[in-house]
Amino acid sequence: MNSMKTGGRLAGRALATLALGLSAVAIAAAPAPAAVGGDSSALGCTPWREWRGEGGGSGEICDGARATGNIYDAKADGRCPFIKFYYAKGGHKSSPSVGPAGTIMRIDVSADPGKYFNGDASVEWRSC
């Protein structure tokens, strides 16, 4: 009976070792994520959508370097919405504002040289 328990433990250990080995192979084969603030070519696109009472917009930020989409002015209140796109290491860059009410505008905002958008955006407004 003792030999059966020992054999079972050995088989269990062998399976556990095999599972750990396969996990290590899977991890080693996975692509490494792009470094923050480094090469942005592997980042792909991230959708953004922001809205508040005055208006808002939606689109995508691609490779951390370019934000595109549409913004919309929803109210005739003298306020014109715009989108702030935030940089990974602080600061932001704003889109043009849109207005008057009912206007939709296509935007294309590029990050300044050496900076990358972190994927966050907010809708703000200016008097117009």
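Strands β1 and β2 form a hairpin with 2 residues between them, where strands are DSSP runs (E, at least two residues) numbered from the N terminus. Welcome to a predicted model, in which local features need pLDDT of at least 70, side-chain atom pairs count only at pLDDT 80 or more, and totals for chains, interfaces and linings use all residues. Residues are numbered from 1 along each chain as its sequence is written, and side-chain values use heavy atoms, with hydrogens and water left out. Here is a short tour, beginning with the hairpins.

- Gly55 has Asp73 as its bridge partner in β3.

- Thr68 belongs to strand β3, which spans residues 66-73.
- With a relative accessible area of 12%, Thr68 is buried; buried means under 20%, exposed over 50%, and partly exposed in between, using a 1.4 Å probe and protein chains only.
- Not counting residues up to four places away in sequence, Thr68 touches Trp48, Ser58, Gly59, Glu60, Arg106, Ile107 and Asp108, a contact being heavy atoms within 4.5 Å.
- Pro47 sits in strand β1 and is exposed, at a relative accessible area of 65%.
- Leaving aside neighbours within four places in sequence, Pro47 is in contact with Gly59 and Glu60.
- The C-alpha atoms of Pro47 and Ala67 are separated by 9.4 Å, and these residues are 20 apart along the chain.

**A nonpolar surface patch**

- Trp51, Tyr72 and Ile104 form a nonpolar patch on the surface, with about 330 Å² of accessible area together.
- Such patches take residues with over 30% relative accessible area and no salt bridge, joining nonpolar side chains (Val, Leu, Ile, Met, Phe, Trp, Tyr) within 5 Å and like charges within 9 Å.
- A salt bridge here is a side-chain nitrogen of Lys or Arg within 4 Å of a carboxyl oxygen of Asp or Glu, and accessible areas come from the Shrake-Rupley method with a 1.4 Å probe, where for residues only the protein chains shown count as cover.
- Ile104 lies in strand β6, residues 104-110, and is exposed with a relative accessible area of 58%.

**The open sheet β5-β4-β7**

- An open sheet of 3 strands has the order β5-β4-β7, with antiparallel pairing.
- Its edge strands are β5 (92-94) and β7 (117-127), each of which pairs on one side only.
- Strand β4 (residues 79-87) pairs with β5 in the antiparallel sense over 3 bridges, and the bridge partner of Tyr86 in β5 is His92.

Notes
Helix = DSSP H or I, 4+ residues; strand = E, 2+ residues; numbered from the N terminus. Pairing = 2+ DSSP bridges.
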